[in-house]
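Good morning, everyone, and thank you for making time for this. Please take a moment with the sequence and the model on the screen, and then we will walk through the packing step by step.

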Amino acid sequence: MSNRHTIILMRTSQSRATRTFMDYDSISQAMDGICGLYERKLKDLNPATGNITYDIADLYNFIDGLADMSALVYDHRLRAFLPYDRQWIKQKLFQHLKKLAQ
């Protein structure tokens, strides 16, 4: 995954007050950031558990459970950010985690 500035936009509930963003230097770092966000949520929900594991389906369910998640990825040729939806994010997460597992 190329080093393209990536902004993850998300909203955890329907409330506008839950809108936030995460800013990364690459798509790969953004995927790590999303995994980290989910892992922090799991730790908050299971504070007594030392070793928390999950699979890709759990991560997908987390993403689908958010009110909104999308990505803006900088395209150097166009000199503009291109928008991508949560399906694209899930595809990139799968590719990223598969690469890490090898």
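In this predicted model, the axes of helix 1 and helix 3 come within 10 Å and cross at roughly 95°, where the axes are lines fitted to C-alpha atoms, for helices over the stretch in contact, and the angles run from 0 to 180 degrees between N-to-C directions. Helix 1 is therefore roughly perpendicular to helix 3, and on this scale angles under 35 degrees count as roughly parallel, over 145 as roughly antiparallel, 65 to 115 as roughly perpendicular and the rest as oblique. On the side of helix 1 the contact is made by I27, S28, M31, D32, I34 and C35, and on the side of helix 3 by W88, I89, K92, L93, H96, L97 and L100, contact meaning heavy atoms within 4.5 Å. The residues of this contact of helix 1 with helix 3 divide into 9 nonpolar, 2 polar and 2 charged, where Ala, Val, Leu, Ile, Met, Phe, Trp, Tyr, Cys and Pro count as nonpolar, Asp, Glu, Lys and Arg as charged, and the others, Gly among them, as polar.

A word on conventions: residues are numbered from 1 along each chain as its sequence is written, and side-chain values use heavy atoms, with hydrogens and water left out. Since this is a predicted model, local features need pLDDT of at least 70 and side-chain atom pairs count only at pLDDT 80 or more, while totals for chains, interfaces and linings use all residues. The helices (H or I, at least four residues) and strands (E, at least two) are DSSP runs, numbered from the N terminus.

Let us turn to the packing of helix 1 with helix 2. Helix 1 and helix 2 pack at an angle of about 90°, with their axes 11 Å apart, and that makes helix 1 roughly perpendicular to helix 2. Here I34, C35, L37, Y38 and K41 of helix 1 meet D58, L59, F62 and I63 of helix 2, and the residues of this contact divide into 7 nonpolar, no polar and 2 charged.

Which residues are buried in helix 2? In this helix, which spans residues 56–65, they are L59, F62 and I63, buried meaning under 20% relative accessible area, exposed over 50%, and partly exposed in between, with a 1.4 Å probe and protein chains only. They cover an arc of only 95° around the axis, which puts them on the same side of helix 2; the arc is that of the directions from the helix axis to the C-beta atoms. What covers these buried residues includes helix 1 (27–45), strand 3 (68–75) and helix 3 (86–101), whereas the face of helix 2 turned away from its buried side carries the exposed residues N61 and G65. At the start of helix 2, a side-chain oxygen of D55 reaches to within 3.1 Å of the backbone nitrogen of A57.

K90 counts as buried because its relative accessibility is 10%, and, not counting residues up to four places away in sequence, K90 touches Y60, I63 and D64. The side chains of K90 and Q87 are joined by a polar contact of 3.1 Å, that is, a pair of N or O atoms within 3.5 Å, where within protein one must be able to donate a hydrogen and the other to accept it, and residues adjacent in sequence count only if both atoms are side-chain atoms. The other residue, R86, also lies in helix 3, and R86 counts as buried at 17% relative accessibility. A polar atom of the R86 side chain lies 3.2 Å from the backbone oxygen of A67, and, leaving aside neighbours within four places in sequence, R86 is in contact with I63, D64, L66, A67, D68 and M69.

In the loop between strand 3 and strand 4 (80–84) we find R79, which counts as exposed at 70% relative accessibility and has a phi near 55°, a positive value in a residue other than glycine.
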